[in-house]
Amino acid sequence: MINKGRIVFAVALTTLGLGLTACNDGGDSASAQDSPSASAPASSAPSGKSPSADPSDDAAAAPSGDVAAPGTKFKIGDRAVLPFKYGTDKKGTVAVTVTAIEKGAEADMAPFGDKAKGMTPYYIRMKVENVGGTDLSYASLRLRGKLEGGGPTGVILIGDLPGKCDNETAPRDFTTKGASYETCSLSATKTDPIAVASFEEGDAYRDSPVLWTS
């Protein structure tokens, strides 16, 4: 969300198919005090599939008692069962295990252009399992990076860095209970290190996310 009084800058990079938006509070865009917002289009979904997630807190497909309550905190390596909705026609229950939060190099952000200077990327690696056994093929799930203690990074990234952090969509056969795949969510910061992964999909989780910490 862009706060009142902020100026938004947008850069389109046609060669790499990436864009970046920076939001500043009256200062120079290169300042470390800025709270920038960067974006790059996510990988295209297969034809006929929704390209973005439509969050919902509806856990109708989840086994009773299995779903993690909003605000639950886990350690990296722990498995959390969560309600999930993608687009308008895919809804079910998934289990997410955050396996690592890896620090990248500032140079990795080069595809986002000059406005990404000073940003350090972090790669949130995870395993996603189909718990409810509903058809979630080609769905995409992302986690947000947070600073230690759960504070915001000031940077929002949409997209991935091929070869570094690939946000994979669920495979075609992600339709049965026990099916799984691995993926990565890209996050970045200009200030303190990212030490927390946050699930914020659905109204209840948006206000009180599920968190993984080291």
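In what order do the elements of the protein chain run from the N terminus on? Then take me into the largest nonpolar core.

Author: The order is β-β-β-β-β-β-β-β-β-α-β. That is one helix and ten strands, where helices (H or I, at least four residues) and strands (E, at least two) are DSSP runs numbered from the N terminus. This is a predicted model: local features need pLDDT of at least 70, side-chain atom pairs count only at pLDDT 80 or more, and totals for chains, interfaces and linings use all residues. Residues are numbered from 1 along each chain as its sequence is written, and side-chain values use heavy atoms, without hydrogens or water.

Now the core. A nonpolar core is a set of buried Ala, Val, Leu, Ile, Met, Phe, Trp, Tyr and Cys residues joined through side-chain atoms within 4.5 Å. Buried means under 20% relative accessible area, exposed over 50%, partly exposed in between (1.4 Å probe, protein chains only). Of the 214 residues in the protein chain, 43% are buried. The largest nonpolar core has 29 residues. Leu82, Val96, Leu141, Leu143, Phe199, Val210 and Trp212 have the most contacts inside it. Strand 4 (79-86), strand 5 (90-103), strand 6 (120-130), strand 9 (194-199) and strand 10 (210-213) each supply at least two residues of this core. Another core, of twelve residues, lies apart from it; Met109, Leu161, Leu186 and Ala188 are among them.

Look at Leu143. Leaving aside neighbours within four places in sequence, its contacts (heavy atoms within 4.5 Å) include Val96, Val98, Ile124, Met126, Phe199 and Trp212.

Trp212 leads on to Phe74. Their C-alpha atoms are 4.6 Å apart, yet 138 residues separate them in sequence. Phe74 sits in strand 3 (residues 73-75). It counts as buried because its relative accessible area is 16%. Val210, Leu211 and Thr213 are also among the residues that Phe74 touches, not counting those up to four places away in sequence.

Lys90 is found in strand 5. Lys90 counts as buried because its relative accessibility is 6%.
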